[in-house]
There are 2 protein chains.
Amino acid sequence: MTQWVYSFGAGTAEGSAGMADLLGGKGANLAEMSGIGLPVPPGFTVTTEVCTWYYDNGRTYPDDLAGQVAAGIAGIEGTVGRRFGDSADPLLVSVRSGARASMPGMMDTVLNLGLNDETVRGLAESGGDARFAWDSYRRFIQMYGAVVLDVDHDEFERELEHVKERRGVYLDTELSAEDLEALADRYKEIVQEQTGAAFPQDPNAQLWGAIGAVFGSWMNARAVTYRRLHDIPASWGTAVNVQAMVFGNMGEDCATGVAFTRDPSTGDGRFFGEFLVNAQGEDVVAGIRTPQNLTVAGREMHGPDLPSMEEALPDAFAELVRIRGILERHYRDMQDIEFTVQRGRLWMLQTRSGKRSVQAALKIAVDMVDDGILDPAGAIDALDPAQLDQLLHPTLDPAADVAIFGRGLAASPGAATGAVVFSADEAVARSQAGEAVVLVRVETSPEDIHGMHAAAGILTTRGGATSHAAVVARGMGRPCVCGAGDIRVDYEAAEMACAGRVVKAGEQITIDGASGRVMLGEAPLIQPELSGDFARIMEWADDLRRMAIRTNAETPAEVRTAREFGAEGIGLCRTEHMFFDEDRIVAMREMILADDASGRRAALEKLLPMQRRDFAELFGIMAGLPVTIRLLDPPLHEFLPHSEEEHAGVAEAAGVSAREVRRRIQRLSEANPMLGHRGCRLAVTFPEICEMQARAIFEAAAEVQEKTGRPVAPEVMIPLAFSMEEVALLKAVIDRVAAEVAERSGVATEYLVGTMIELPRAALQAGEIAREAAFFSFGTNDLTQTTFGLSRDDAGNFLPAYVEQGIVPKDPFVSLDVEGVGELVRIACDRGRAERPDLKLGICGEHGGDPASIAFCEEIGLDYVSCSPYRVPIARLAAAQARLRGNP
Amino acid sequence: MTQWVYSFGAGTAEGSAGMADLLGGKGANLAEMSGIGLPVPPGFTVTTEVCTWYYDNGRTYPDDLAGQVAAGIAGIEGTVGRRFGDSADPLLVSVRSGARASMPGMMDTVLNLGLNDETVRGLAESGGDARFAWDSYRRFIQMYGAVVLDVDHDEFERELEHVKERRGVYLDTELSAEDLEALADRYKEIVQEQTGAAFPQDPNAQLWGAIGAVFGSWMNARAVTYRRLHDIPASWGTAVNVQAMVFGNMGEDCATGVAFTRDPSTGDGRFFGEFLVNAQGEDVVAGIRTPQNLTVAGREMHGPDLPSMEEALPDAFAELVRIRGILERHYRDMQDIEFTVQRGRLWMLQTRSGKRSVQAALKIAVDMVDDGILDPAGAIDALDPAQLDQLLHPTLDPAADVAIFGRGLAASPGAATGAVVFSADEAVARSQAGEAVVLVRVETSPEDIHGMHAAAGILTTRGGATSHAAVVARGMGRPCVCGAGDIRVDYEAAEMACAGRVVKAGEQITIDGASGRVMLGEAPLIQPELSGDFARIMEWADDLRRMAIRTNAETPAEVRTAREFGAEGIGLCRTEHMFFDEDRIVAMREMILADDASGRRAALEKLLPMQRRDFAELFGIMAGLPVTIRLLDPPLHEFLPHSEEEHAGVAEAAGVSAREVRRRIQRLSEANPMLGHRGCRLAVTFPEICEMQARAIFEAAAEVQEKTGRPVAPEVMIPLAFSMEEVALLKAVIDRVAAEVAERSGVATEYLVGTMIELPRAALQAGEIAREAAFFSFGTNDLTQTTFGLSRDDAGNFLPAYVEQGIVPKDPFVSLDVEGVGELVRIACDRGRAERPDLKLGICGEHGGDPASIAFCEEIGLDYVSCSPYRVPIARLAAAQARLRGNP
């Protein structure tokens, strides 16, 4: 027999905090608190498995559930000494939903359940307070009516206002018992009118109605949307918590409140919260009365003149402070709690880990280590790596009032404000003139790099989270919103429009790369500040992690940033980014337009000294750390211009006719460039390109070694191979050039030649390929594209629908698809290591900066992850967590 | 110790015919003939492994080779009773290359090796013929000089002509012994002049020189090119055959000849060949003397007046006839033989399977079964399925004199001749006027289908063997040459140019889809004729094969053709091809441009009756055989027009502005359409399309079943899925529509819902997917594209270089890549069957018509292969062969 119901209360519990999957967060923590002897009103939890069963079986319940619920009610009755539906001294209960993760949008709470026309009188007599009893009953009808019976909430509110008007009073509390009794009657009429049925009088029918409403709310539109936004699978289900009522509204010795065990925005150790005397929980939320501070200190700091709980209810407060200590030491984390004081006695209604700002999270973690509550591993484990992002970029002031213009994908974190420009050149010109600009493009290409660099932020209307704009922006640490499909850009008119509003070039906008919002005007930003807490956390993470952290970077500025953030090498230096400078692209185009290998060689000769200088600079900055250099990767047409006038310029520079340039461009154009003539296919067909790059690498290495006396560690990486043969062919070229340079310069360089694994066939052929390659770096962007047959540039038209319908749990370009892409990565690791046990394994796709993907990398034993400079701290923390969690 | 040398001769042999991989074709067959007691001059074969070793080790030999060669020579000496280099009675040898497959372009033969200034005198004395000895010597110097020492062959020829002039004679045979001795001296001087070294006198040095020349020629440019054209891997290597000389030029009782054991062009059973009295093999080839017929019958039929071998050398002829019978029964195949008669004694120098026309191949196979030489399985095994292609299409008259205009890829077999047109519309117009046309396009798109259908042949200048043009042309049985990159098409000028020559619209050209040639003018064609032999062979194949053969077809004409060719079902009906008719594309575009689902539904309503009619017709033709219908697959932008004026037309039809049409087109355009919004992604985002198609299928099925009283068997196929979830989602739609139609029409249809496996992730997730899919059809075109990360439309720029350099053994779009793509197919089969043991498995990529790929399909146990109609007979034969060879 399945146990569908878990009881708690009176110092014992069938469940515990570890059972959140089964009992939901709230239920598990109620059980936990009860189990460690804290005062929790007795109750029981109907498990999440019932929810799953409910949806798997056409919204019905398991046969044996009813009996278990009845036993649960009986248990509560035994503990509190009252009976459910007893007309003399009735047991009342609350019914609350409780998913694994807190989930607004679902049915929240029904209080006072068990009241009916008969028990309300018993409550009045037994409690000696008719007004309280009728107030409870009318509140119950209102709540139950709204959330279970789907009666419009306003109907009740209108009636209440009506009664108050008639009585000429302002506050609910000014209504008499008789008023409230009449109101309850009126409420029942409303229910009858709206639902066509009488308000249920049978407490059991009430209970099952509430349980059904909780399960039903799991699939309502708001809950579905929330789950989608927060990556919560529908299969998790929700639990239902049924608990004896305690009342904070029975008089002046009653109260209800919420608190954080520490300050959630700064992390300070002071007790932080609010309460209301003679109130029920909903009153705190409703905001009609001004809540009072918990502590004297709090009141003095910013409270109104009302007494603090410390003053008003000193005994209950002392008990709360004691419990605060117990909870923090027990959970080893800052807690967010709810409590009620009924006639001077404290009851705990909820505890959970408290949400906090990233600054607070760091301070709390460090303080708890210093206080001996946590060890460094525990501190690391408690942090959310993704949250660190906020620390590293300017962010939007949350207090700011903003005017939304449009929305896109949150592609690169941080907020930026500036004048709108629609071209890279204009971005450069205006920024050189000292103006902050936001570059707006339909999409970006490598030709826009200088403009992206010059801009404070980037906005595109097309492309996903791994589009060119997004990847480059993250690398540069530029805030970026991309794929804002509702915004229409009109380059000719130099304006963009969304929902009827038009923004012209030069006007100010603000983009928030953390939320995807595009705002009109200059919104206020908050600058980041790295605290000593941050440094200590990072140190602990470094001690705990196994994997090395490298960075995807190629410009000296980026590489320096990455080093400051703790990168231990370059995992991906994209050499093509080095060819877009104005003086270089001319030689590059000359190379592309050359008739034959000798023409290409002549143009490459011009590029060689520049490439050598690039590499020398990187080797210098990285000071002996490994530098993985990827050979030229993009299709050559990416280097050619798009406009007619540019064709003429290129023609002149290359000494051919404009017609000939167009013809070549036409010839180079591709139906599917992603699957085209790129990667090592370039080097196979034009080995002179590979030769030039190898020469630049080894000459730079020789030069830097000679100058510094320290070794450098280049790792030459062959992109887009699908076979051992390609790697063997190019490795031979690289080895030959290395030997030649060593011979000529007299300086030998230790180096590795390896390959990206970014095609399914490469993963399958990894055993063969490992015979030639000393390392694999998983290019999971392209591997995701080819494994799914999904162009990241084009996925915007359907991938959101896929995520929404649950076909894919998350955007696979953001978080690695462990089932599909992950299996290929695993296969490649296994086969590669079987052939070459010391094969070096890393990842350099965008996933290298995603904590969930990093956990997968740890699981399969990669040697390093590589990510954009601004994600290096996140990766350090995530790698430490992955190590901790992978080795329990 | 490795055995590098295999001896044969005197009725024994170390090798056999089965060892062609090691000994080459020639060496293996010499050993075989020797082993069964036929008269073969003794000799030995240096194995292909030596060739591999030679290239793996910087063109050096294994240490122990010299000893084994010396032992081989000693073996010959023992058998013939002469010694190599003996000045009194020297042993002379021939040295010939011998790869696994016959390979022009490599070093062929050096005869008379072992002669030098001393042994030539011994030969003169021992043979009693000084003229013969000096002639042999000068021939040896000439051959050795040319092929081993790289002396220009003309130098020797000039000198020979010079001597003949001086002597005033016309024929070589008129020169005296003294003339020839002087000529030999002059030849040695030429060698000295040209090479800077004396002609080698040491027979051993001569021998090693010749062996080295054979191995060296394996990598010469012509051999490399030949291998590339004929898919021969460089790793195979060549063997070297060293054999005692026999002489057909020692007098009138000597002769040399070549023969086929049957007529290679008709297959008739008569003995067929030519010979020359008193000649060496090279004389037959040189064509200076007219060869004589072997038989009296042959001479009477077409020979000159010279006596036949049957008359001139009756004893040797009788022996040859006896050996012909032995060889045919031994090899169970028609043989191509070479022989020499030395002083009345017959020596066999070569036997191999004879090349034959496809008509001859069929007749020989059938005759050999009737004669009891072969059983039907043996007959099937002996045939080349690819050759059948010639039977099924008009072909170029091989006797025709043609003027080549350009070349492209042989994309769809057969030859076609007609007037050049540059647009599909013009093709239709002219062909309706009764003119044969060849449609010439840079590349084709679905919009050109009507023109391709109207054309006699198709020529494109871009795209590979699986480009749109190639695939569609094969499906229609239209000859096609594609990717003719040197031809430049100028649509505006309505002309095309290649190497300075211009062809204007309306001029006649001929294309040969079997060779890729494009010719000026109308070349004469030969019409195909299907013989009774063909029918018998097909019957045997059907008895022997396990896999069913289906076809990829959707037009009634194609489907009928396929049925006539023996297709047992439709494996791929591409529904999108049904939407390009003029009346349909309008509705299709309306659907695409609709604002919302209801607009789309309205347009789809118009398409529904047309689709239903299509399916009803197919179900009717297929009469109960399975019909696999793929849901709409291509990205929607493929249905939209490209030109400005067309935009206006579409705008008018759809009732929106042209600007709006352009905006939508812009919005639908994709960076990588192959990986874009297509396949089941369309149905997931626009389920109404899937609904309409399902409705058309089931309504048509109901209609046809009602009318014919016979069941129909639709198999609905979901394209481009990468997950179980997509299949589950769409299967639910299809099942619902099927139930609705059954309900409404009262006719239930038995059907299957399955999926294509054409993405790596789908292959990996096959176990999950098989829970929902009743069948898998491997779409190996797209699976190859994604597994390799290779766009078939763009591969033309580098894939040829990849094949040339041996990085891929064959174009993976033509022959399935067993290692990579094949592993994914295997994984999918294994995981799918594990989940659903009765899972139906088939292939519908272009590989379904490729014999090598069909063998792989048999190996992994697919249930069927599906191919274009004109390849159905090839697939039937290949499937039978695969079954035979897979179950030895």
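Tutor: The following account turns to the interface, after a brief description of one partner. The model is predicted, so that local features need pLDDT of at least 70 and side-chain atom pairs count only at pLDDT 80 or more, while totals for chains, interfaces and linings use all residues. Residues are numbered from 1 along each chain as its sequence is written, chains are lettered from A in the order in which they are written, and side-chain values use heavy atoms, with hydrogens and water left out.

Chain A has 888 residues, of which 58% are buried (under 20% relative accessible area, with a 1.4 Å probe and protein chains only). Its C-alpha trace spans about 105 × 60 × 55 Å along the principal axes.

At the interface, 53 residues of chain A are in contact with 53 residues of chain B, contact being heavy atoms within 4.5 Å. The size of an interface is often given as the accessible area lost when the parts come together. Here the two chains bury about 4700 Å² between them, with 53% of that area on carbon and sulfur atoms; the area is found with a 1.4 Å probe and summed over both parts. On the side of chain A, the most area is lost to chain B by A:Leu675, A:Arg761 and A:Tyr802, which together supply 13% of what that side buries.

A:Arg761 also takes part in a salt bridge, its side chain meeting that of B:Glu819 at 3.8 Å, N to O. Such a bridge requires a side-chain nitrogen of Lys or Arg within 4 Å of a carboxyl oxygen of Asp or Glu. Between chain A and chain B the count is six salt bridges.

Methods. Buried < 20%, exposed > 50% of the residue type's maximum accessible area, 1.4 Å probe, protein only.
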